[in-house]
Amino acid sequence: MRVYANSVERTATPAEAKPYSEEDLLLLAVARPREAIARARSLLATRPDPYVASIAHQAVGIVLRDTGDISDGVSELHAALRLATRSGSAERAADVLASLGVAFVHAGRTAHGLKVLDRAIQLVDGGPLGRALYRRAAVLWMLGRYEAALEDLRRAENPLKQAGDLVWTARVLNVRGLVYMGAGLPGRADADFAAAGRLLAETNDERGSIHALLNRGIAAFRSGDLPAALSFFDEADIRYRPLNIPRPELSRARCAVLLAAGLTGEALSEADAALQDFEQANGWSTKKAELLLTAAECALAGGEPTLAVERVQAACRLFRSQRRDKDLAQARLVLVEARYAVGGVSGRLLSAANDAVVRDQLRPDEAARAHLLAGRIALELGRRADAERHLLAVARTRRRGPAISRTSGWLGVALLAEASEEPRRMLAACRRGLEVLDEHRWTLGASELRAQATAHGTELATIALRYAAKAGSPRLFLGWAERWRATSASVPAVRPSADPELNADLAMLRTVAVRLDEARERGAPTAALQREQVRLEGVVRARSLLARGTGSAVNGGLHTAELLDQLDGARLIELVDLDGVLHVLVCSAGRVRQFRAGATADAVRAAEYAGFALRRLARDRPHSDPDSTLAILAAAGPRLETALLGSAAAYLGDGPVVVVPPGKLHGIPWALLPALRRRVFSVVPSAAAWLRARTALPPARRHVALACGPGLTTDGAEVPLVAKLYDDVTVLSGVQASARNVLSALDGAWLGHIAAHGSFRSDSPLFSSLRMHDGPLTVYDFEQLGRAPYRLVLSSCDSGVLAPVGADELLGLVASLLPLGTAGIVAGVVQLNDRAVVPLMVQLHEHLRAGRGLAEAMYSVRRDATGEPAERAAAVSLLALGAG
């Protein structure tokens with residue numbers, strides 16, 4: 001990610017109240033470049049004296065230089081220098097020389113540029129000396145000569161302070177922060193950026209102050225603090241808006257953080273919007289090149305390598321014409337990565353990757369990426385010596401830098417060990433890399449960020465799983481499957497209930513949702529309300545991402561012996577999706593068996609086929625043919641079982657079964673499988689989650705909370721019937737069934753039951769919701785519970801559906817409750833018929849009151865559901881999740 005020095009020139013915006021003067025041109029050259037050129041040329045048309053003409057030509061030269069037209073910029077600066085010399089002002093000549101020296105460095109004439117800067121420094125003292133030293137330090141920073149830059153900055157600071165020049169003193173602090181950043185010291189960098197921001201706040205340089213804030217965000221990102229980075233960027237965004245100018249720097253920085261957080265779709269949308277805005281504003285080609293590069297990186301991460309190639313090639317053309325060698329080197333690296341992702345390795349591609357490394361113009365993290373890519377290509381081409389050289393270079397980064405960089409370092413070790421057939425070393429590297437990633441995730445408070453961050457460890461987990469699958473060691477395979485599955489549940493949930501702003505935003509979102517529903521019912525226009533809903537969802541999500549984690553480690557690993565001891569006559573079947581094939585691990589007392597089932601794609605298609613039939617039965621439309629739909633269901637069951645379990649179906653024994661599916665198969669109607677139809681079973685995200693749920697302690701008070709949302713065909717007819725079964729019960733309906741009241745009643749309850757319309761949001765799973773009287777009760781609301789209910793029944797459509805994200809993580813209503821202490825949940829995985837659900841729910845609670853667990857109760861409900869087709873469909877669409 002690029003850090004920002006604004007410019008090496010003056011960047012303060014002239015005070016609006018101050019009369020215009022020629023000196024303001026140098027301020028405008030960076031703050032408002034188009035206006036600067038127009039004013040400079042108007043001034044030159046008046047044939048001013050040499051001193052003033054020198055300022056005008058210098059302003060034009062700075063604008064041309066900073067917008068990529070370096071040749072014409074140098075010509076303008078030469079003209080400015082001749083006029084400055086004629087004016088007889090050494091200070092004026094030194095100022096132009098400093099601008100000219102920077103231009104020569106940008107043009108690739110580094111040695112000559114530094115000599116010109118040396119001449120400028122020799123001509124002046126005091127404040128002008130400080131400004132010249134500052135410019136040379138900025139150039140030395142760009143060249144990576146950090147010690148020399150720090151020395152110039154040390155010399156520049158005192159004269160500027162003595163002259164009372166706040167703006168230039170802030171510039172010194174800002175560039176010193178950039179030097180510290182380059183040297184890998186983000187903590188020191190942040191301190192300087194903060195000090196620069198405070199000084200700039202005392203001046204009229206709002207843009208410079210925002211850039212200091214932006215750099216603080218980048219420093220936070222470099223130190224691995226993603227929530228802090230996003231917080232700084234949000235503040236910078238708010239302060240940018242009144243300026244009404246394009247902000248490509250902010251978009252690029254935000255994209256880098258979103259990519260690091262695993263939010264590739266959001267990063268791609270941000271990059272696309274920034275490009276579009278920039279085109280409409282007719283922005284400078286220098287910034288367009290940078291945005292194209294960022295957009296290419298986002299497209300590559302988002303699985304669109306062809307689009308990435310197209311964008312990065314355009315960026316390369318611009319960087320080449322602008323003679324920006326360092327940026328061009330970065331773009332060439334992205335181009336090689338994109339071509340590798342498109343498919344097909346070759347010696348030519350390896351040469352391009354090698355070239356990216358040898359040019360020595362990449363930052364350390366970029367160089368590591370280049371080495372990793374070259375190592376992969378060399379391995380695929382069978383060039384072991386080349387691969388070893390590159391992967392050893394990557395491996396050196398495993399003990400320093402941000403967590404994600406260190407994870408890549410351990411990946412380099414793992415790939416090298418895999419190629420050398422050293423399994424012990426390979427597995428140790430995979431384990432250590434995932435531990436480093438865990439350390440990173442513990443800093444994140446948002447469940448979405450924790451889940452998405454797992455994507456950075458996918459390859460490490462896959463390497464270990466492939467080895468375990470081939471090694472014929474089912475216990476080793478189980479250990480690695482669990483090491484990588486549902487890891488977000490092992491991180492302590494951060495409950496944002498103390499954030500009044502988040503709660504206020506959620507309340508506003510509910511109000512808008514209700515008004516939107518009412519407008520739709522009346523047939524009134526809804527466009528404005530839909531826009532407001534989207535805006536508020538963005539605000540809620542952005543605020544939630546700022547939550548910080550505990551920063552403390554929690555052991556989320558599985559002890560296989562403990563699992564086998566706890567099964568106690570039950571069988572646990574864990575399905576692992578490895579390279580598109582399902583592997584099944586059958587765990588029973590003292591033993592783990594390993595089987596190979598069908599293709600994952602076949603299982604997904606079979607599940608979609610069954611889901612279609614269940615939804616069709618739930619609609620219960622007149623003149624429909626339920627018999628034909630029931631026949632589809634009857635055929636879907638065996639097809640599902642073959643794809644999901646294969647020969648493992650014969651080894652499930654006669655007792656209860658715990659099913660641990662991969663994320664993309666979590667919402668399957670498992671009761672359709674012949675091997676599970678007539679037995680007690682439950683579904684869990686991981687074996688470790690089942691163990692935690694099994695040991696969850698029920699509250700001493702057996703309080704039951706029942707709630708009924710609006711709009712149900714039956715008006716929640718099961719709620720009063722269920723209420724009669726319990727003594728200690730709270731019933732919420734009508735206006736009393738508000739989101740706040742429902743959450744309060746559920747907090748710490750022994751049993752909760754919500755009859756409401758459910759909505760699953762595949763585009764944003766944490767906005768999946770239950771419809772209450774005052775609007776949607778979302779996952780964000782549930783995450784604020786102090787203690788989740790011990791058991792929860794959700795007689796709602798899609799309430800049990802979860803979205804796979806990251807590596808094999810799950811997001812949704814159920815995934816938010818299990819880590820908070822809920823032992824078990826009953827929820828629907830497809831649409832449910834309101835009328836058919838009523839008798840099923842009453843039966844379920846009768847079994848619960850009799851002392852049965854959720855899985856046992858659901859088995860009895862399915863067994864007894866012999867009535868209407870819609871009722872039978874509802875019975876197999878409801879799942880017992882967890883161990884309650």
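In the predicted model, strand β6, helix α33 (residues 718-723) and strand β7 form a right-handed β-α-β unit, right-handed meaning that, with the strands pointing away from the viewer, the path from the first strand over the helix to the second runs clockwise. Helices (H or I, at least four residues) and strands (E, at least two) are DSSP runs numbered from the N terminus. Residues are numbered from 1 along each chain as its sequence is written. The model is predicted, with local features requiring pLDDT of at least 70 and side-chain atom pairs counted only at pLDDT 80 or more, while totals for chains, interfaces and linings use all residues; side-chain values use heavy atoms, without hydrogens and water.

Strand β6 (residues 704-708) pairs with β7 (residues 729-732) in the parallel sense through four bridges, pairing being assigned if DSSP finds at least two bridges between two strands. V704 is opposite V729 of β7, and A705 has T730 as its bridge partner in that strand. β6 also runs parallel to strand β8 (residues 751-755), to which five bridges join it; here the bridge partner of A705 is G752. Five of the five residues of β6 are buried (under 20% relative accessible area, with exposed over 50% and partly exposed in between; 1.4 Å probe, protein chains only). In a regular strand, side chains alternate between the two faces of the sheet. Both faces of β6 are covered, with V704, L706 and C708 buried on one side and A705 and A707 on the other.

A second, open sheet contains three strands in the order β9-β10-β11, paired antiparallel. β9 (758-759) and β11 (775-778) are the edge strands, each with a single partner, so one side of each lacks a neighbour in the sheet. Four bridges connect β10 (residues 769-772) with β11 in the antiparallel sense, and S769 has T778 of β11 as its bridge partner. Helix α26 (residues 500-522) lies across β10 and β11, at about 135 degrees to β11; axes are lines fitted to C-alpha atoms, for helices over the stretch in contact, and angles run from 0 to 180 degrees between N-to-C directions.

Helix α29 (residues 600-619) comprises 20 residues and spans 29 Å from its first C-alpha to its last, close to the expected 28 Å, that is, 1.5 Å times one less than its number of residues. Its buried residues include T600, A603, G611, L614 and L617. Viewed down the axis of α29, the buried residues fall within an arc of 165 degrees, so they line one face of the helix; the arc is taken over the directions from the helix axis to the C-beta atoms. These residues pack against β1 (571-578), β2 (581-588), β3 (591-599), α30 (626-644) and α39 (869-877), contact being heavy atoms within 4.5 Å.
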